[in-house]
Amino acid sequence: QVQLVESGGGLVQAGGSLRLSCAASGRTFSSGHMGWFRQSPGKQREFVASISWSGGDTYYVDFAKGRFTISRDNAKNTVYLQMNSLKPEDTAVYSCALGFAGWPTSGYSYWGQGTQVTVSS
């Protein structure tokens, strides 16, 4: 069984930065692709970014390009999301997910509980 635990969320002013972490337990972490998703109140969950099992390929949704960077450290079973130039519309609960098919935006089998990111104007 795989467990994913996010951390690093918080309150930040517009223009600021946050680095989210997602720590995974389980031996299958390094064989799967990892993704970050977010959900705002009243909205559907949306894809943010994904990284392949090796870390060699990344994929971003348009609003994340140039501002967010996804990375992973398989030795630490951890994936990161560096978020810069944050905007109030980035306010959401951010969740990580682990998948083994359908890279980059689908095929996720395991999900974390999420971490709240709030960007004040």
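Analyst: Cys22 and Cys96 form a disulfide, with their sulfur atoms 2.0 Å apart; the term denotes a pair of cysteine sulfur atoms within 2.5 Å. The model is a predicted one, in which local features need pLDDT of at least 70 and side-chain atom pairs count only at pLDDT 80 or more, while totals for chains, interfaces and linings use all residues. Residues are numbered from 1 along each chain as its sequence is written, and side-chain values use heavy atoms, with hydrogens and water left out.

The torsion about the S-S bond of Cys22 and Cys96 is about 60°, so this disulfide is right-handed. The bond links distant parts of the chain, since Cys22 belongs to strand S3 and Cys96 to strand S9 (residues 92–99), 74 residues apart. Strands here are DSSP runs of E with at least two residues, and they are numbered from the N terminus. Cys22 counts as buried because its relative accessibility is 0%, and Cys96 counts as buried because its relative accessibility is 0%. Buried means under 20% relative accessible area, exposed means over 50%, and partly exposed lies in between, with a 1.4 Å probe and protein chains only.

Strand S3 (residues 18–25) is joined to S1 by five bridges, and the two run antiparallel. Within this pairing, Val5 stands opposite Ala23 in S3. Both strands belong to an open sheet of four, in the order S1-S3-S8-S7, with antiparallel pairing; two strands pair if DSSP finds at least two bridges between them. Its edge strands, S1 (3–7) and S7 (68–73), each pair on one side only.

The largest nonpolar core has 27 residues, of which Met34, Trp36, Leu81, Met83 and Tyr94 touch the most other members. Such a core is a set of buried Ala, Val, Leu, Ile, Met, Phe, Trp, Tyr and Cys residues joined through side-chain atoms within 4.5 Å. Among the elements that give two or more residues to this core are S3 and S9, together with S7 and strand S8 (78–83). Leaving aside neighbours within four places in sequence, Tyr94 is in contact with several residues, including Leu20, Trp36, Leu81 and Met83; contact means heavy atoms within 4.5 Å.
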